[in-house]
Structures are given as C-alpha cells and as structure tokens.
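Have the viewer open and follow along.

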Amino acid sequence: MQATIFGSLITLVQGDITEQDVDAIVNAANKTLLGGGGVDGAIHRAAGPELLAECRRIREEVLGGRYLETAQPVLTKGYRLKARHVIHVVGPICGVDPDPPRLLAAAYRNSLQLAAAKGLRTIAFPSISTGAFGCDIQWASRVAVDAVIAYLQANPGALAEVRLVQYTAADHAVYRAALAACLSAR
Ligand code: AR6
C-alpha cells in the first residue's frame, strides 16, 4: 500500500527490515545502544559486529557513557546491510514512560529530520515500541502514520520515500487500516 504526500511516498510493506534496500533503516533500540532482542537483535546480526563496535564508540565518545535519551536518534553506518545507514532510536516503554504517544511521535519525527539533515532520501521504520516495549499497535500505528504524514507535509521533497515495515501479516493489516483512516481524515 502506498500514498503520495506532496511528492513523497509513504509505503507500507510486510517484511524484514534488515532486507530493505533504502538509504537508512531505523532500529528500535534501547537506552544502552548496545543491542538487544527483537528487531534490534535482527539488525545487529545482519549488519555484523562492526555495528556494535560503532555503537560502543558513540556510547563512550559522544554520549560520555550515558544512556541514549528516548526519541533522540543517532546515525551509524549499515555495514553488511543493504541499507547504507542505521538510525538508532529509543521508543517509549508503555507503562513506564509518561505520555508514550508524544514520545513515539517524536521518535519518528526526529528520525525523519536526522535522515533529511544527512541528505538521505529513503528510510524504513519498524513498528517502534510495539514489541518488547509493550505499546498497543492500534494507537501506535496511527501515531506512526500521522507523524510521517505531518513531516512530509511540513517538509515537501525532504525525503523521497518513507517505508513502514511490519513483520507480521496481522500488524500489516493494522497499519493499512491506520493509513486508510489518516488519508480519509485529511
Ligand atoms: N523486521 C521488521 N520488524 C521486526 C523484525 C524484523 N526483522 N523483528 C521484529 N520486528 P521490538 P520495541 C517487529 O520488541 O517494542 C529490543 O530488545 C516486531 O514484530 O523489536 O521498540 C531493544 O533492544 C514488533 O512489531 O522493539 C529494546 O530493548 C516491532 O518490530 C526493545 O526490544 C518492534 O518490536 C525495544 O522494544
């Protein structure tokens, strides 16, 4: 499923984010930046150990050993991935962080801004925070789609394609409904 927003594409696909041929894929990371399970584990496995080495360097040299803030993305290379870059961003933990929808929207928006600022044209996101971080995909999919459409409307031409990648058919159906609802509300 695809829609054009002021000349940019928003695309929904079911698949594996590690296989996406885009300028940057987004990693649903955690505050340590040092890998984990879920999509984070899959990205590190596919990218190879050089990715963890770069994440360690950023943690030590850029973050001064501190945790990565929620919704504050960092950029690395993609190493063995098809994607040339990875944008690592921490989504909200539902039941722990205050105002998860606001933080989730910021995670998408700030990642889009970082990609555009680095001259990247195509970006693919997983469904941030809807796995281990426990947020309800019904509202999280609406937040994701809304954040992308709002960004593309406010920044026409900044990106060529924003792809939202769902791992399962059930999640893909939820995202399709979210995009249809957002488009009909415009
Ligand atoms: N491609 C696309 N989507 C995937 C893939 C894949 N290869 N694998 C899983 N998903 P999660 P979170 C989907 O838990 O909720 C990690 O341990 C999955 O079906 O990966 O943001 C981090 O280190 C789900 O819909 O991320 C953090 O500690 C979505 O990706 C924590 O999990 C997100 O699930 C982050 O939790």
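Which elements do the buried residues of α2 pack against? They sit against α1 (38-47), β4 (74-77) and β5 (85-90). Keep in mind from the start that this is a predicted model.

**Helix α2**

Let's stay with this helix for a bit. α2 takes in residues 49-62, which makes 14 residues, and from first C-alpha to last it reaches 19 Å, close to the 20 Å expected at 1.5 Å a residue. Its buried residues are L51, E54, C55, I58 and R59. Look down the axis of α2 and these buried residues fall within an arc of 140°, so they line one face of the helix. On the face turned away from the buried side of α2 you'll find the exposed residues P49, E60 and E61. C55, one of the buried set, has a relative accessible area of 0%. After α2 comes G64, with a positive phi near 60°.

**Helix α3**

α3 gives a similar check on length. Its 18 residues should span 26 Å at 1.5 Å a residue, and the end C-alpha atoms are 25 Å apart, which agrees. The list of buried residues in α3 runs to P100, L103, L104, A105, A106, A107, Y108, N110, S111, L112, L114 and A115. A glycine with positive phi follows here too: G119 comes after α3, and its phi is near 80°.

Y79 has a phi near 55°, a positive value in a residue other than glycine, and D99 has a positive phi of about 50° although it is not a glycine either. Y79 lies in the loop between β4 and β5, while D99 is in the loop between β5 and α3. As for accessibility, Y79 is partly exposed, with a relative accessible area of 28%, and D99 is partly exposed at 42%.

**The cysteines**

How many disulfides does the count come to? The count gives one. The partners are C94 and C135, with their sulfur atoms 2.1 Å apart. The torsion about their S-S bond is about 100°, so this disulfide is right-handed. C94 lies in the loop between β5 and α3 (100-117), and C135 in the loop between β6 and α4, so the pair ties together parts that are 41 residues apart in sequence.

What about C182? Its sulfur is 17 Å from the closest cysteine sulfur, the one in C135, and that is too far for a bond. Here is how the cysteines compare in accessibility:

| Cysteine | Relative accessible area | Class |
|---|---|---|
| C55 | 0% | buried |
| C94 | 23% | partly exposed |
| C135 | 5% | buried |
| C182 | 5% | buried |

Is S127 buried or exposed? At 14% relative accessibility, S127 counts as buried, because the cut-off for that class is under 20%. S127 has its place in the loop between β6 (122-125) and α4 (137-154). Its side chain makes a polar contact of 2.8 Å with the side chain of T130. Leaving aside neighbours within four places in sequence, S127 is in contact with Y108, I137, V165 and Y175.

D21 and I123 are 102 residues apart in sequence, yet their C-alpha atoms are 9.1 Å apart in space.

**The chain as a whole**

Finally, zoom out. An unreviewed UniProt entry carries the annotation "domain: Macro" over residues 1-183. Across residues 1-183 the chain is 41% helix and 20% strand, and the end C-alpha atoms are 12 Å apart.

How values were computed
Residues numbered from 1 in each chain as written. Predicted model: local features only at pLDDT ≥ 70, side-chain atom pairs only at ≥ 80, totals over all residues. Heavy atoms only, no water. Helix = DSSP H or I, 4+ residues; strand = E, 2+ residues; numbered from the N terminus. Expected span 1.5 Å × (residues − 1). Buried < 20%, exposed > 50% of the residue type's maximum accessible area, 1.4 Å probe, protein only. Arc of directions from axis to C-beta. Contact = heavy atoms within 4.5 Å. Polar contact = N/O pair within 3.5 Å; in protein donor to acceptor, adjacent residues only side chain to side chain. UniProt positions renumbered as here; feature names shortened; annotations may be inferred. Disulfide = S-S within 2.5 Å.
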